[in-house]
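Reader: I have a structure open and would like to go through it with you. Can we take it piece by piece?

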Amino acid sequence: MYVYDEHDRQIAAERVAQFRDQTERALAGELAEEEFLPLRLQNGLYVQRLAPMLRICVPYGMLRSDQIRRLARITRDYDKGYAHFTTRTNIQLNWPNLEDVPDILAELAEVEMHANQTSGNCIRNTTTDQFSGVQADEIADPRPYCEIIRQWSTFHPEFAFLPRKFKVAVNASEKTDRAAIQVHDIGLQLVRNDQGELGFRVHVGGGLGRTPMVGPVIREFLPELDLLTYLEAVLRVYNRYGRRDNKFKARIKILVKALTPEGFAEKVEAEWAHIKDSPTRLTPEAIRKFQGYFTEPDYETLENATALLSEQRFENREFDKWLTHNVSEHKKPGYASVTLTLKKTGTPPGDVTDYQLEQIADLADQFSFGEARATHEQNVVLADVRQDQLFELWQRLVPLGFATANLNTLTDVICCPGGDFCALANAKSIPVAEAIQRRFDDLDYLYDLGPIDLNISGCMNACGHHHVGNIGVLGVDKKGEEFYQISLGGDSHHDAAIGKILGPSFARNQMPEVIAKIIDVYVDKRSEEETFLDTYRRVGIEPFKERVYA
Amino acid sequence: MPDVIAADGSIRNDSWVVVDRPAEGESLNVAAGQPALIPADLWLAGYEHYVGRDDIGIWFDSHDEPEMLGEKVKELPLIAVNFPRFVDGRGYSIARLLRERFGYQGELRAIGDVLLDQLQFMKRCGFDSYVLRADKDISKAARCLNFFSQAYQAATDTDQPLFRRRAS
């Protein structure tokens with residue numbers, strides 16, 4: 001994992017001092033609200049429905065146990081003792097006091113954390129696959145490149161006032177895409193060319209929000225050394241030509257569409273030609289240095305614990321379910337990756353208490369080399385667990401509520417904080433998630449249904465990624481009342497697709513029944529081995545419409 | 001007569017004035033003997049008349065493209081870039097292009113909605129003078145120009161990104 005050197009520490013300390021100064025001037029009335037707004041947003045601070053909200057950055061999802069303990073302490077000392085994992089692998093506090101935020105940032109800086117650029121019209125936290133470095137089929141570990149992008153984008157002087165927010169994601173496997181790169185402003189897919197050289201396929205102009213789009217490829221192969229100069233060219237074209245007259249048309253996807261992907265790519269190439277050989281071009285030594293931070297932990301030489309696990313499965317059916325669903329393969333024999341599901345019915349998806357955070361830190365120390373990872377599905381991963389310790393870990397997870405064996409099923413809901421917290425929301429989202437979780441409380445039935453992404457957003461901004469849910473739910477406001485619109489067929493993976501709207505929206509209390517009808521159609525129509533998405537793609541939206549609106 | 005902040009935070013007074021774009025049908029109103037910044041396209045339109053004068057500079061608005069002058073910018077004694085609103089970040093790209101692409105080495109001035117907390121970004125992108133919005137406390141400019149002692153990425157102020165400085 002990346003470790004700060006004296007440069008990072010100095011920049012972090014100066015950032016805290018700067019925000020302290022800015023906060024003091026804001027409180028003294030020297031900064032108008034609209035002048036302070038982008039400054040506080042770029043330090044993670046929103047003013048929300050009930051209180052300020054602080055979004056703390058977790059770069060590409062990686063956390064050390066000492067950082068998790070510090071987060072727990074901060075939630076206790078400055079907040080109400082809980083925090084929320086977001087769909088951008090960040091962590092939000094819901095109740096800090098504005099005047100405490102500089103102190104919170106100082107506490108974070110002590111453990112090499114920050115809240116930089118977690119909001120505002122700037123380059124946001126770069127995200128990637130939660131199984132980076134431990135999956136067998138990745139082209140290369142994406143995290144060094146994420147850290148390279150983090151440093152390049154941090155306080156970039158040219159791109160601090162973009163037309164709109166800007167999100168970059170990196171994916172490393174050609175088979176799976178857990179980073180949803182095609183619905184990002186820039187999606188980078190690590191690839192090797194025919195000569196075996198490492199580089200990226202570059203998607204630009206994907207995104208959710210009001211005008212969801214799958215990002216087209218604007219360059220099939222970008223050599224790794226050219227990563228930053230090319231990003232700089234894309235950002236410069238966007239900064240200069242992205243629309244600033246209408247907030248809803250300001251994302252880069254609108255520019256890419258207006259120019260056509262080919263036209264946009266030409267502009268980028270023309271800009272890039274001027275800067276591609278500048279000192280911003282990466283060097284092999286620099287990349288090696290960043291890679292040096294993400295070396296393998298001290299794995300022991302082990303055999304797969306197949307016999308032991310079979311025995312434990314046989315003796316304990318709950319463990320068996322958990323092992324099947326929440327534990328995934330690891331590239332090293334004898335190891336596995338465990339997902340702690342933060343989706344227990346009755347707890348808002350992604351929420352954790354200070355106690356739970358401290359427990360995660362302890363478990364990370366005991367079972368996974370002191371590291372944990374946040375996922376964009378709002379779960380937490382311990383990536384390097386010995387197979388012969390899985391049973392013991394599971395026993396520890398059960399009382400914490402982290403062993404609900406529903407990973408990737410219908411009740412592993414992605415859900416934004418919604419109208420319970422967020423000032424932007426049109427409707428609540430957490431109670432909808434909970435009602436659906438209660439309606440589908442039979443794990444065996446969920447397993448039979450197979451993988452289904454259910455994503456819920458409380459408004460058009462789509463923090464709950466509803467457009468790319470196999471089933472997407474969007475909260476809408478109709479004359480002051482909350483309604484929910486459903487879309488089907490969305491997908492955030494390699495065959496990325498935006499869901500289609502089913503039809504008129506529903507009241508909240510109808511939602512569990514409506515979802516049940518949609519599921520019934522799938523069960524009726526599916527052929528052997530078909531997932532929900534397969535069936536939807538084969539039969540189309542009509543059968544679902546007929547049943548739901550019958 | 002504006003107070004002008006220099007990149008080192010010092011404050012001086014100079015006599016350059018910004019001449020607005022004339023209304024349609026009107027002609028540019030430049031007082032004799034008064035150093036003036038005129039809209040870039042009008043300077044280009046009157047190139048024969050203006051070139052070589054040390055009392056006529058230009059200003060770009062945020063939607064202007066410095067490409068329209070290209071390397072002719074080197075012939076100018078002073079260039080200003082207008083920030084119509086401080087959240088309009090196009091001026092940062094314009095500044096870098098003037099410096100890094102078209103080789104402009106004269107004074108580059110930020111005008112318009114110029115606030116304290118953007119000064120260091122402006123400095124890094126090649127601005128070396130700033131006319132702060134009148135209601136802002138100019139005594140704080142020096143501090144705000146120097147919140148950070150170093151940066152991760154290259155810009156106009158340094159062509160060495162941190163990853164290269166670390167390697168050495």
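Reader: How do β18(A) and β19(A) pair, parallel or antiparallel?
Author: Strand β18 (residues 471-478) and strand β19 (residues 481-488) of chain A are antiparallel, with 8 bridges. Strands here are DSSP E runs of at least two residues and helices are H or I runs of at least four, numbered from the N terminus. Two strands pair if DSSP finds at least two bridges between them. This is a predicted model, where local features need pLDDT of at least 70 and side-chain atom pairs count only at pLDDT 80 or more, while totals for chains, interfaces and linings use all residues. Residues are numbered from 1 along each chain as its sequence is written, and chains are lettered from A and ligands numbered from 1 in the order in which they are written.

Reader: Which residue is opposite A:Val473?
Author: A:Ile486 in β19(A).

Reader: And what lies between the two strands?
Author: A turn of 2 residues, which makes the pair a hairpin. A:Lys479 in that turn has a positive phi of about 50°.

Reader: Which other strands does β19(A) join?
Author: β21 (residues 506-507) of chain A is antiparallel to β19(A), through 2 bridges. There A:Tyr484 stands opposite A:Phe506. β20 (residues 500-501) of chain A also runs antiparallel to β19(A), again with 2 bridges, and A:Ser487 faces A:Ile501 in that strand.

Reader: New topic. What is the strand order in the open sheet of 5 strands?
Author: The order is β1-β2-β5-β4-β13 in chain A, with antiparallel pairing. β1 (45-47) and β13 (351-353) are the edge strands with a single partner each, so one side of each has no neighbour in the sheet. Neighbouring strands are turned by 30° against each other on average, direction ignored; axes are lines fitted to C-alpha atoms, for helices over the stretch in contact, and angles run from 0 to 180 degrees between N-to-C directions.

Reader: How many bridges join β1(A) to β2(A)?
Author: 3, and β2 covers residues 52-56. One bridge there has A:Leu45 partnered with A:Leu54.

Reader: Which helix lies across β4(A) and β13(A)?
Author: α12 (residues 354-367) of chain A, at about 85° to β13(A).

Reader: Now α5(A). Is that helix covered or exposed?
Author: Mostly covered: 11 of its 11 residues, 143-153, are buried. Buried means that 20 or more other C-beta atoms, placed from the backbone, lie within 10 Å of the residue's own; 12 or fewer is exposed, and in between is partly exposed. Among the buried residues are A:Tyr145 and A:Trp152. A:Phe155, which follows the helix, has a positive phi near 55°.

Reader: Last one. How many helices and strands are in chain A?
Author: 18 helices and 21 strands. The radius of gyration of chain A is 23 Å, close to the 24 Å that the globule rule gives for 550 residues, so chain A is as compact as a globular protein of that length. That radius is taken over C-alpha atoms, and the rule is 2.2 Å times the number of residues to the power 0.38. Of the 550 residues, 56% count as buried.

Notes
Two residues are in contact if their C-beta atoms, placed from the backbone, lie within 7 Å.
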